[in-house]
Number of protein chains: 2
Amino acid sequence: MDIADLRSAHPDHWMRAAAIRTLTLDAVAAANSGHSGMPMGMADVATVLYQNHLRFDPKAPHWPDRDRFILSAGHGSMLLYSVLHLTGYEQMTLQQLKDFRQWGARTAGHPEYGHAEGIETTTGPLGQGLANAVGFAMAEESLRAHWGKNIINHHTYVMAGDGCLMEGVSQEALALAGMQQLGHLIVFFDDNGITIDGKVSIADKTDQPARFAASGWHVQEIDGHDPVAIDAAITAAKADPRPSMIACKTHIALGHAAQDTSKGHGALTDAAQLQAAKDAYGWTAGPFEIPENIKAEWEAMGARGAEAHAEWQSRFEKLSSTKQAAFQRQFDMDAPKALAARVRALKKQASESAPKVATRKSSENVLEVINPVMPETIGGSADLTGSNNTLTSDLGTFNPENRKGRYVYFGVREHGMAAAMNGMVLHGGVRPYGGTFMCFTDYARGAIRLSALMKAPVVYVMTHDSIGLGEDGPTHQPVEHLAMLRATPNLNVFRPADTVETAEAWEWALTSKTTPSVLALTRQGLPTVRKEHKTKNLTAQGAYVLAEAEGKRKAILMATGSEVSVALEAKALLEAEGIGTRVVSMPCWELFEQQPDAYRRKVLPPGPVRVAIEAAVRFGWDRWLMGEGGRREKAGYVGMDDFGASAPAETLFEEFGITAEATAAKVKSLIK
Amino acid sequence: MDIADLRSAHPDHWMRAAAIRTLTLDAVAAANSGHSGMPMGMADVATVLYQNHLRFDPKAPHWPDRDRFILSAGHGSMLLYSVLHLTGYEQMTLQQLKDFRQWGARTAGHPEYGHAEGIETTTGPLGQGLANAVGFAMAEESLRAHWGKNIINHHTYVMAGDGCLMEGVSQEALALAGMQQLGHLIVFFDDNGITIDGKVSIADKTDQPARFAASGWHVQEIDGHDPVAIDAAITAAKADPRPSMIACKTHIALGHAAQDTSKGHGALTDAAQLQAAKDAYGWTAGPFEIPENIKAEWEAMGARGAEAHAEWQSRFEKLSSTKQAAFQRQFDMDAPKALAARVRALKKQASESAPKVATRKSSENVLEVINPVMPETIGGSADLTGSNNTLTSDLGTFNPENRKGRYVYFGVREHGMAAAMNGMVLHGGVRPYGGTFMCFTDYARGAIRLSALMKAPVVYVMTHDSIGLGEDGPTHQPVEHLAMLRATPNLNVFRPADTVETAEAWEWALTSKTTPSVLALTRQGLPTVRKEHKTKNLTAQGAYVLAEAEGKRKAILMATGSEVSVALEAKALLEAEGIGTRVVSMPCWELFEQQPDAYRRKVLPPGPVRVAIEAAVRFGWDRWLMGEGGRREKAGYVGMDDFGASAPAETLFEEFGITAEATAAKVKSLIK
C-alpha cells in the first residue's frame, strides 16, 4: 500500500481521513492503551459516509429521524469519538479525547451508550452492534410504516470486523435481516484479514460475501481506501431493496509500521513509529491538533444535517398535535394513561374469578389488554410462540409484506432476538418484548447483560421457568438461571405467582425507562393466590405479606412464582398444628432490595423461623434467610440442589421434595 | 408424498425405517408427550446410515474407534432410542421405550449423555450437537495423527434441523469445521421446511447449501426418503476431503395427518391418526411390537460392526504394551503419574521465588510444565491467545496441515469453542482447555452448562476476571460472572490468588473425570501469597487458613484471587491496631462446600467479625458470611455493586473502594 498514491489521488479526502487516524494515534498514545488499527483502517469509509451520506445533526443528537451509525467493532472506539468530535458534538470535546480510557471520561475503552451523545449503542462484545443494528432497522421499518416516510425514513450503518462476523450472534442477526429484507441496513465489513491471533485465515476461511448472499443480502466488494469506490458502493447499497453488505478491503493500522499485522490491532504507542506514520500521512500538526480548514470541512457535514433536520421538523409540525404528542410519548417511553386502568381491571377480574392458569397464559391475558393501548409494543419469540404465549390478537406479523405488523418470528435465535430488542429500544419509538424458554436465557446472555448495562428496558418473556416444564428434561429446566439473572446489576427478575402478580410485573416492566425485566413464567397451571383485589401494585414493592399468621407467628415462608401456592398449602398444614405462619410472596428481589429498611423489616421481622421455597438452587437466598433479620439456626430451604430430570411435572416436584409437606416438615425441624 | 410409492419402491428398506416411525409413534403416545415428527421424517436417513455405513458395535459401546452418531436435533430423541433398541444396545430395552420421558428411565425427553450407552452427547438445546460434533471430529483427526489410522479412523455423523442451523453456535461451528477441513464430519440437514412457529420461511430464507459452501463444505441435496440417494450421498461425502453437508428434503411426520405441518413437530397422540399412519406404512404389528424379521435385519447391522471391532482389537493388540497402556490411560482420563510431581516442583519454586505475576501468566507457567507430560491436552483460545496465555512451547498449531498440533485457533467463537471442547471430552482420548475473557463466558454459557450437566471435565481458562482488566471498560469487566458460574451445579469455579494456587487448581482440573472447571485469572500482576511450600493441594480443600491471627482472633477476612493480597494487607493494618485477623483464601467454593463440616468449621469458626473481599457482586457470599457459623451483625462485604468502568486498574480499585484500607475500616465498623 503506497500511502503517497492514496494521498495524491484524493488529497482533500485524505487529510479529512487523516484527522481520524492522527486523533486515534494521539489518544491511544496518551492513554497508553487502546486499539489503534481499526480506526486507521476504516477512516476512509467513515469519512465518505459522514461527508456524503450520513444524515445527522450534531446539535440535535436525539433527532428521531437521524441515520444511525453503529460501530460494531467497538474496540475501534476512537473512530467514533474522533468523528463525533470533528463534526461538532458538544459533549465530545478535545479534552475528552485526551482523557481517552480515563476515570470519569465519556471516552471509555469501548463506546458506552449514555456516556456521550452520538453513541447509539454500547459495543465491544463482538457481534452485538451488528445484531443491535438489525433491531434499529426493524424499528425504523415499523415506525416508517406507522408514521409515514415523511416522519421516519433513515438508514442504519454498521461497521463490523472479522471478529463480529465470526460470532454466532451476528450470524443469527444477518440471517434475520436477510429474511426481513431490511433495505435500510448497510453493513461495512472491515475486511483487513487480521485478528488478534494472527491472520484471519488461521481461524476462518469463510467467503463472507457469499455467506451474506446466501441469506439474501446485496453484497459488494471494494477497496476500502478508495473514496470514490466507497461513495459508489454506499449509493448502490441505498438503492437496493435488500440489506447491503459492503466488504471493504482495508489495511489495519494503515501507514504505521504495524500495518497489516495483529500488532496493529492493539495499542500503537511507540513515539517514533507514531511520528513516522504522521509523516507518511503528510500530517504536520501537533498532537491532538486539527488544522482549521480540516475541522471546518468536518463541521460542514454536520451543518448539512441541520438543514435536513429543520426540514424534518417542519414536516413533523404538520402532524396534528395529537399525533405529535403520541409520537413524542413513544419516543419518551412514557406509558399511555390507559395502561394502569387496564392492568387494574384485569387484576380485579382475576382476583374475582380466581382462575387456575399457567403464568405464561396469564402473561398472554395481560398482553391482550395492554397491546391494544400500547401501539409501541413489538412482540416476538424465538420460535416458541405457542409456548411463550407472546402473540395476541390483531398484532399482525412484521415482515416485508406487512411492516405494520407488530409480531416478529425471530426464528431459533435467542441471542439475535435479544440483541435486536436492545437495538429497538435504543432506536426509540418502540417497546419490544420477546420470548423463549427460561433455560435459553443462556443463549442470550451476551445481549441480556447489555440490556442491563445500557439501561435498555427490554422485556424478556421467559416461560417454562423450572422443573415444572416436565418431560423435556434437564436441558430445558432452569435451576441456576434465577440466581444468574438476579446476580446481574440493573436487571429486574420477576417471578409472579398468578395472573395478578403477572399483570403487576408487566405494568412495572412497561413503565420502566431504565431497567430491563425478565418475567419468569410457568408452563404449568397455578391457582390464583391474590384473591383480594388491591389497586396498588404490590409486586412493585418486590415482596409483601400475602397471608398473615393466624396464631402467634412462629414461621415465615418466602416463595416466588409456582412455589407461592406451595407455601400457602404448607401454611395450612402448619396452622392446623398451631404453628402460626406468614407467607411472603417475593416476586422481585431487586425491587424489594430498593424498599426502605423499615418496609423490609416489616415484611421480614426478626424472630420466626424462615423457610424459602423455590424450584431452583438456593444460591443467593441466604440474603433473605439469614440477612435482613434472619438467623442461620432458623433458616431452611426447600428447592433444587442439582439439575432436574425428565418426567411429568407433578412427579418431579414430588421426587425433588418441593411440596407443602416437605416445607412444613422443614419448618417443624427448625422450630424444635 | 405418496407413501404407497415409497413402500413399493424399496419394500424392505421401508419396513426397517417404519420400525423407527412406529416405535416413535407408540412411545410418544404412551408418554402423551414428545416430538414425533423428526424421527418420522428422518427415519430413512437413519436406516441407510446404520445399515450401510455406521461402524458401531452394540456390544462394545465404548469402542474408541466407533463412528459417532449425534442427534443434534435432540427433540427427535425417539429416533436415537429406537435405533439403539433395534440394533441391540443392551441398556435400551423395549421397556425403556415404553417408559419414554418417565422418572428414572434412560429415555429422557432429550438424549442425556450417561443415561444409556450409545448416547454420545446430550442434545436438545439446539445447535449444540452439531457444535459438539466439530469437537468430536477434531479429536478424531488429532488422535488419528498421533496413533495412526489403524487405531483411529472413523466418522462423525450428525443430524441437524433448521433450528440447529438458525442458532449462532452452529454457525460458529460450521465455519470452524470448514476452515479445519474436517473431512470425517458428515452432517445430515433435515430440510423439512417446518419449525414450531410454522414454515421455516417465516423466519429464515437462508440458502443452507450455499451457506455451508461459503465456509468450505462439500454440499449435496437429496430426497431424504430415497434410500438409494441417501446411500450415494453418504458414499460421496466420505470420499470428499471436506466436511460434508447433505441437505435431505424430508417430510416431517411422514405419513401422518400432521405431515408437513408444525403440529407434526410435537406430540402426535391421537389414536385414530396413529393407526391411520401405521396403516399407510403397511405396519400390522401391535404397539411396541417389531416383527422378528425386521428386528433381525437391524441386529445384523450391529453384527457387521462386531467384526470391524474385532479386527480393530487385533490391530490394537499389535501395539506395544506401553502404547496400549498409554492409549488406555488417555481414554480412561487418568492423569499421568508425572503430573503431581511437576505441579509440586512448580509450587515449590514459586513459593521460593515469590514472583509478582498475573495469574493468567501463572497459568501459562503451569501449562508449560504440564503440557509436555500430558500429550492428551489440546489447548486453544477464542482469538485471545496472547491475553489468555494458553499457548505453550512446542504445542504446534492444529490445522489441516498439522494434525499433530495441539493448539487450536478457535477464532472469535466462544460458544463454538466451548461446545467443541465438550465434544472432544466426550469423544475421549483428549483433554481440551480453552480461553477467552471471563466476561465472555456469557457467550459460551449454553455450552458451559452442558459441560456441567454432562459431567465433561472441560477446562475454561477465563482471564481478565474483574475490573482489574482496566481500560477496556464495563463490557469487558465481569462483576456477576463468578456468581453465575458458582450457581451452576457441578461446575468448579477456581479463582486462584497466585502461582501456587493456580498450579493447584490446574492439577485438580486435569485430574477430574466428572466436573468441568473454570479458572478465573487476572490480567494484573499479583504478589505470591503462598510463600511457604506445602506438598498438599490446599486449593483442593476449596478454602483454607492462609494467615492466622497474631493476637486474639477478632476478625476473619475471606477473599479469592486478586483480593487475597488485599486481605493480607488489610490484616497488616488491623494487626497494627491490635485486631487479630485471620485470612482465609477461598479459591473454590464448591470444593469447600464438599469438605466435612468439621473442616469448614475449623476454617470459619463462629465468633469473629467476617468480611469478604471480592471484586465482584456480593450475590452468593452470604452463604459464607452469615451461614457456616456467621452472624449478620458481624458480616461485611467489600466488592462491587454495579458494573465497572473504563480506567486504569489501580484507579478502579481505588474508586470502587476495594482496598486494604476500606477493608480494615469495614472490619472496625463491625467490631464496634
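This is a predicted model: local features need pLDDT of at least 70, side-chain atom pairs count only at pLDDT 80 or more; totals for chains, interfaces and linings use all residues.
A salt bridge, as I use the term today, is a side-chain nitrogen of Lys or Arg within 4 Å of a carboxyl oxygen of Asp or Glu. With that in hand, I can start with A:Glu593, A:Asp597, A:Arg600, A:Arg623 and A:Glu628, which are linked in a network of such salt bridges.

Now to the interface. Here 100 residues of chain A are in contact with 100 residues of chain B, and the area buried between chain A and chain B comes to about 8000 Å², with carbon and sulfur atoms giving 58% of it. On the side of chain A, the residues that lose the most area to chain B are A:Trp103, A:Arg449 and A:Phe619, which together account for 10% of what that side buries.

As for the polar part of this interface, the rule finds twelve salt bridges across it, and it also finds 51 residue pairs in polar contact, both partners being at pLDDT 80 or more. Helix 18 of chain A, residues 441-454, supplies the largest share of the side of chain A that touches chain B, namely eight residues, and the residues of that side divide into 40 nonpolar, 33 polar and 27 charged.

Two of the pairs that join the chains can be named. One is A:Arg631 with B:Glu633, whose closest N and O atoms are 2.8 Å apart. Another is A:Arg101 with B:Asp472, where the corresponding distance is 2.7 Å; this pair crosses from the loop between helix 5 (94-98) and helix 6 (128-147) of chain A to the loop between strand 12 (459-463) and helix 19 (481-486) of chain B. Are these two partners buried or exposed? A:Arg101 has a relative accessible area of 2%, and is therefore buried, while B:Asp472, at 13%, is buried as well.

A:Lys348, at 40% relative accessibility, counts as partly exposed, whereas A:Glu352, at 57%, is exposed.

The other salt bridge joins A:Arg530 to A:Glu504, with the closest N and O atoms 2.6 Å apart. This one links distant parts of the chain, 26 residues apart, with A:Arg530 in the loop between strand 15 (525-526) and strand 16 (544-547) of chain A and A:Glu504 in helix 20 (residues 499-511) of chain A; both residues are buried.

At 14% relative accessibility, B:Ser565 counts as buried, and a polar atom of its side chain lies 3.3 Å from the backbone oxygen of B:Ser562. Which residues does B:Ser565 contact, leaving aside its neighbours within four places in sequence? They are B:Pro527 and B:Val529.

Key. Residues are numbered from 1 along each chain as its sequence is written. Chains are lettered from A and ligands numbered from 1 in the order in which they are written. Side-chain values use heavy atoms; hydrogens and water are left out. Contact means heavy atoms within 4.5 Å. Buried area is the accessible area (1.4 Å probe) that two parts lose on being put together, summed over both. A polar contact is a pair of N or O atoms within 3.5 Å; within protein, one must be able to donate a hydrogen and the other to accept it, and residues adjacent in sequence count only if both atoms are side-chain atoms. Helices (H or I, at least four residues) and strands (E, at least two) are DSSP runs, numbered from the N terminus. Ala, Val, Leu, Ile, Met, Phe, Trp, Tyr, Cys and Pro count as nonpolar, Asp, Glu, Lys and Arg as charged, and the others, Gly among them, as polar. Buried means under 20% relative accessible area, exposed over 50%, partly exposed in between (1.4 Å probe, protein chains only).
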